[in-house]
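Work through these exercises with the sequence and the 3D view side by side. Try each task before you read its solution.

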Amino acid sequence: MNIQVKFGQKLKELRLKKGLTQEKLAHLAEIDRTYLPGIEKGERNVSLSVIEKLSTALNIEIKDFFI
């Protein structure tokens with residue numbers, strides 16, 4: 001399993017724990033709502049700035065994606 005897939009699975013897990021839809025998380029993170037499903041499926045290679053936006057929207061630290 002590659003890092004993109006692992007990151008996507010962790011993102012989905014954290015999103016669901018917060019009770020957020022993909023659309024709501026995309027809105028909070030200020031990213032396009034059509035981009036988020038691709039991240040969760042491991043189809044997108046996200047930048048550090050997008051990771052930062054997602055962590056802020058989820059109110060978590062960036063390291064939480066990798067533990």
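This is a predicted model: local features need pLDDT of at least 70, side-chain atom pairs count only at pLDDT 80 or more; totals for chains, interfaces and linings use all residues.

**Exercise 1. The same test on helix 2**

Find the buried residues of helix 2, and explain why they are on the same side.

Solution. 
- Step 1. Helix 2 spans residues 22-29, and L25, A26 and A29 are buried in it.
- Step 2. These residues cover an arc of only 100° around the axis, which puts them on the same side of helix 2.
- Step 3. E23 and H27 are exposed on the other side of helix 2.
- Step 4. Helix 1 (3-17), helix 3 (36-40) and helix 4 (48-58) are among the parts that cover the buried residues of helix 2.
- Step 5. Just after helix 2 comes E30, with a positive phi of about 60°.

**Exercise 2. Classify L28**

Is L28 buried, exposed or partly exposed? Then find its contacts beyond four places in sequence.

Solution. 
- Step 1. L28 is in helix 2.
- Step 2. Compare its accessibility with the cut-offs: buried is under 20%, exposed is over 50%. L28 has 39% relative accessibility, so it counts as partly exposed.
- Step 3. Leave aside neighbours within four places in sequence. L28 is then in contact with L20 and A57.
- Step 4. Compare sequence and space. L28 and K53 are 25 residues apart in sequence, with their C-alpha atoms 8.4 Å apart.

**Exercise 3. The nonpolar core**

Which residues touch the most other members of the largest nonpolar core? Which element gives the most to this core?

Solution. 
- Step 1. The largest nonpolar core has 19 residues, and L11, I39, L54 and F65 touch the most other members.
- Step 2. Helix 1, helix 2, helix 3 and helix 4 each give two or more residues to this core.
- Step 3. Helix 4 gives the most, with five residues.
- Step 4. Take I39 as a case. Setting aside neighbours within four places in sequence, its contacts include F7, L11, V50 and L54.

**Exercise 4. Aromatic pairs**

How many aromatic pairs does the structure hold? Describe each one.

Solution. 
- Step 1. Count. There are two aromatic pairs.
- Step 2. Take F7 and F65. Their pair is tilted, at 4.8 Å centre to centre and 45° between the planes.
- Step 3. Locate both rings. F7 lies in helix 1 and F65 in the segment after helix 4, so the pair ties together parts that are 58 residues apart in sequence.
- Step 4. Check burial. F7 is buried at 7% relative accessibility, and F65 is buried at 4%.
- Step 5. Take F7 and F66. Their ring centres are 5.9 Å apart and their planes at 35°, so this pair is tilted. F66 is in the segment after helix 4, 59 residues from F7.
- Step 6. Check F66. Its relative accessible area is 48%, so F66 is partly exposed.
- Step 7. F7, F65 and F66 form one aromatic cluster.

Notes:
Residues are numbered from 1 along each chain as its sequence is written. Side-chain values use heavy atoms; hydrogens and water are left out. Buried means under 20% relative accessible area, exposed over 50%, partly exposed in between (1.4 Å probe, protein chains only). Helices (H or I, at least four residues) and strands (E, at least two) are DSSP runs, numbered from the N terminus. The arc is that of the directions from the helix axis to the C-beta atoms. Contact means heavy atoms within 4.5 Å. A nonpolar core is a set of buried Ala, Val, Leu, Ile, Met, Phe, Trp, Tyr and Cys residues joined through side-chain atoms within 4.5 Å. Rings of Phe, Tyr and Trp (its six-membered ring) pair if their centres lie within 6.5 Å; planes under 30 degrees apart count as stacked, over 60 as edge-to-face and the rest as tilted.
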